[in-house]
Amino acid sequence: MHIAFVASECVPYSKTGGLADVVGALPRALASLGHQVSVYLPRYRQTKLADAETVVHSITVPFDDKYRFCSVATAGTSAGVKFYFVDYPSYFDREALYGTSAADYPDNAERFALFSRAVLEASKILGVPHVFHCHDWQSALVPVMLRTLYAEDPAFREVGTVFTIHNMGYQGLFPPDILPLLMLPWDLLTMSKMEFFGQVNFLKGALVFSDFVTTVSKKYSQEIQTTEYGFGLEGVLRNRAATVTGILNGVDYDEWSPQTDKFSVAKYLPQDLSGKLKCKQDLLNAFGVTNADPKVPVIGIVSRFAAQKGFDLIAQIMDRLAREEMIMVVLGTGDKPYEDMFVRLNKQFPNKIAIKVAYDNAIAHKIEAGADMFLMPSRYEPCGLNQIYSLKYGTVPIVRATGGLDDTIEPWDARTGKGTGFKFTEYTGEALLATVKQALLAYRDQSSWQTLMRNGMGRDFSWGASAREYGKVYERVRQLRASENVVRTAELKKEPVAG
Ligand code: ADP
Ligand code: GLC
């Protein structure tokens with residue numbers, strides 16, 4: 001089957017978070033199952049293309065004020081996957097992907113509408129897929145346009161759409177007058193379509209118009225149908241529950257494995273963990289922590305700084321946590337208040353918490369390899385990748401039992417020697433503190449701790465199984481479309497009723 005991915009980020013071309021890892025790896029896994037896969041991305045300033053070739057020179061994207069003309073370049077085929085980049089420098093050749101730490105770019109609706117429309121038009125030249133697989137609000141207009149503006153286009157009659165929610169917290173909300181500017185029909189501004197408290201909601205449009213909706217873990221697929229986690233769209237999802245499913249993300253062990261990690265000073269295996277101690281020393285050096293006793297446990301954090309990630313809980317308990325034997329190392333960027341919070345905590349507890357406000361892939365790898373524990377106290381977490389990487393590195397996850405964190409981490413039981421990490425459920429500082437203390441206590445018994453590390457290292461979250469699940473979803477979507485076309489053709493053939 002020919003699947004076209006449409007997404008706003010993808011390793012190695014662009015990244016702000018886990019979406020990029022998924023779009024970088026899943027297409028390859030699908031290609032190795034025999035699917036034909038293309039990936040459409042915006043061409044940002046950070047997108048480095050070695051041998052780019054323009055394959056479509058001019059695509060007309062009509063806006064109400066004036067037409068815009070973009071082009072499409074290719075970076076060729078990699079591991080059986082074709083990569084295409086929509087090129088429109090005034091929208092994408094910018095410092096960041098979506099905005100600064102202070103605010104989103106004000107023209108994000110136009111930027112990603114142009115991207116979505118360009119993908120549809122380009123596909124008519126480069127190859128119409130059987131299924132467009134779109135990800136998050138930035139590509140949400142693909143299913144919307146296909147079933148509205150392009151409903152009569154014979155090129156797309158057979159085409160199905162799958163939409164994957166990576167995060168319900170980002171919906172693409174814009175004022176109503178965006179519809180005429182993008183030349184989208186006014187009737188989209190109704191409750192059963194894209195209207196959301198008086199605004200236009202791109203994500204809602206995708207949830208209404210896609211043939212199938214998936215999200216990135218089983219638990220999250222249930223959570224988002226509740227008021228607590230649905231961000232106001234729980235009703236829309238419940239309405240179509242029969243075509244909503246959760247498929248757990250895999251991870252790419254070519255990139256994330258202690259045996260091959262190109263950023264680590266030492267490699268290590270479950271049978272011989274000695275290299276991990278060298279990685280720990282190297283990590284502490286990288287954070288400027290000298291003279292630390294190597295026996296003191298290091299707790300790592302690598303994250304976007306956003307409300308989702310639960311860092312307000314750390315601020316609540318830091319004074320008490322600072323009394324424990326531990327060092328916390330934190331790498332992250334994002335919302336200014338969280339950057340300031342961590343800088344403040346570092347000033348207050350300089351021997352207990354080290355911080356780098358940066359986006360740095362090498363340091364992210366060093367934390368996975370060198371830390372003893374990895375902390376993700378998320379308020380919500382659709383899947384989460386870092387806890388899965390941590391398992392492979394024997395870096396024991398401490399997580400809140402939500403979404404993919406709950407699906408991937410099994411609680412450690414010292415009596416049976418089973419389990420892979422530590423979990424808490426209540427979103428409170430007290431629950432977090434109790435769980436971190438439990439982990440610190442367990443760390444003192446190094447022989448059972450190594451059992452715990454090895455349990456995690458032995459888990460396999462590679463993409464194969466999830467890719468096969470997606471294959472089944474694509475198959476269902478094709479059947480769905482085929483049956484709809486049968487109905488449609490029968491209706492077209494009906495004799496006009498006389499009189
Ligand atoms: P999310 O997508 O919500 O940010 P995930 O756990 O799914 O969370 O994925 C985060 C990805 O982004 C991981 O690959 C992680 O290593 C990476 N990452 C996040 N913040 C940074 C950072 N400051 N520097 C380097 N990599 C980061
Ligand atoms: C999102 C989620 C994260 C998930 C990632 C990839 O950014 O916040 O939990 O792992 O997408 O699906």
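Which atom of glycine 384 lies 2.8 Å from an oxygen atom of ligand 2? A backbone N or O atom of glycine 384 does. The views below show a predicted model, in which local features need pLDDT of at least 70 and side-chain atom pairs count only at pLDDT 80 or more, while totals for chains, interfaces and linings use all residues. Residues are numbered from 1 along each chain as its sequence is written, chains are lettered from A and ligands numbered from 1 in the order in which they are written, and side-chain values use heavy atoms, with hydrogens and water left out.

**View 1. Surroundings of ligand 2.**
The shell around ligand 2 holds 14 residues, and the closest are His166, Asn249, Glu381, Cys383 and Gly384. A residue is near a molecule or strand if one of its heavy atoms lies within 4 Å of it. Polar contacts are pairs of N or O atoms within 3.5 Å; within protein, one must be able to donate a hydrogen and the other to accept it, and residues adjacent in sequence count only if both atoms are side-chain atoms. Asparagine 167 has a polar side-chain atom 3.4 Å from an oxygen atom of ligand 2. A backbone N or O atom of proline 382 lies 3.5 Å from an oxygen atom of ligand 2. Taken alone, ligand 2 exposes 310 Å², of which the protein buries 93%. Accessible areas come from the Shrake-Rupley method with a 1.4 Å probe; for residues, only the protein chains shown count as cover. Helix α1 (residues 18-32) gives the largest share of this shell, three residues. Helices (H or I, at least four residues) and strands (E, at least two) are DSSP runs, numbered from the N terminus. By class, the shell has six nonpolar, six polar and two charged residues. Here Ala, Val, Leu, Ile, Met, Phe, Trp, Tyr, Cys and Pro count as nonpolar, Asp, Glu, Lys and Arg as charged, and the others, Gly among them, as polar.

**View 2. Surroundings of ligand 1.**
Around ligand 1 there are 22 residues, the closest being Gly18, Asp21, Arg304, Lys309 and Ala358. A polar side-chain atom of lysine 309 lies 2.8 Å from an oxygen atom of the ligand. Aspartate 360 places a backbone N or O atom 2.9 Å from a nitrogen atom of ligand 1. In the side chain of asparagine 386, an N or O atom is 3.4 Å from an oxygen atom of ligand 1. On its own ligand 1 has 560 Å² of accessible area, and the protein covers 94% of this. At least two residues of the shell come from each of α1, β13 (298-305), β14 (327-334), α12 (361-370) and α13 (386-392). β13 gives the most, with three residues. The shell divides into eight nonpolar, eight polar and six charged residues.

Six strands form an open sheet in the order β15-β14-β13-β16-β17-β18, with parallel pairing. Two strands pair if DSSP finds at least two bridges between them. β15 (353-357) and β18 (422-424) are at the edges and have a single partner strand each, so one side of each is left without a neighbour in the sheet. On average, neighbouring strands of this sheet are turned by 20° against each other, direction ignored. β14 and β15 run parallel and are joined by five bridges. Valine 329 has alanine 354 in β15 as its bridge partner. Helix α9 (residues 274-286) packs on the sheet and touches β13, β14 and β15, with its direction at about 55° to that of β13. Helix α11 (residues 336-348) also packs on the sheet, touching β13, β14 and β15, and its direction makes about 145° with that of β15. Contact means heavy atoms within 4.5 Å. Axes are lines fitted to C-alpha atoms, for helices over the stretch in contact, and angles run from 0 to 180 degrees between N-to-C directions.

**View 3. The three-stranded sheet.**
An open sheet has the strand order β8-β10-β9 with antiparallel pairing. β8 (173-174) and β9 (195-196) stand at the edges with a single partner strand each, so one side of each lacks a neighbour in the sheet. Leucine 173 stands opposite asparagine 201 in β10. Helix α6 (residues 202-209) lies across β8, β9 and β10 and runs at about 50° to β10.

**View 4. A cis peptide bond.**
Valine 11 and proline 12 are joined by a cis peptide bond, with omega about 5°. Proline 12 lies in the loop between β1 (2-6) and α1.
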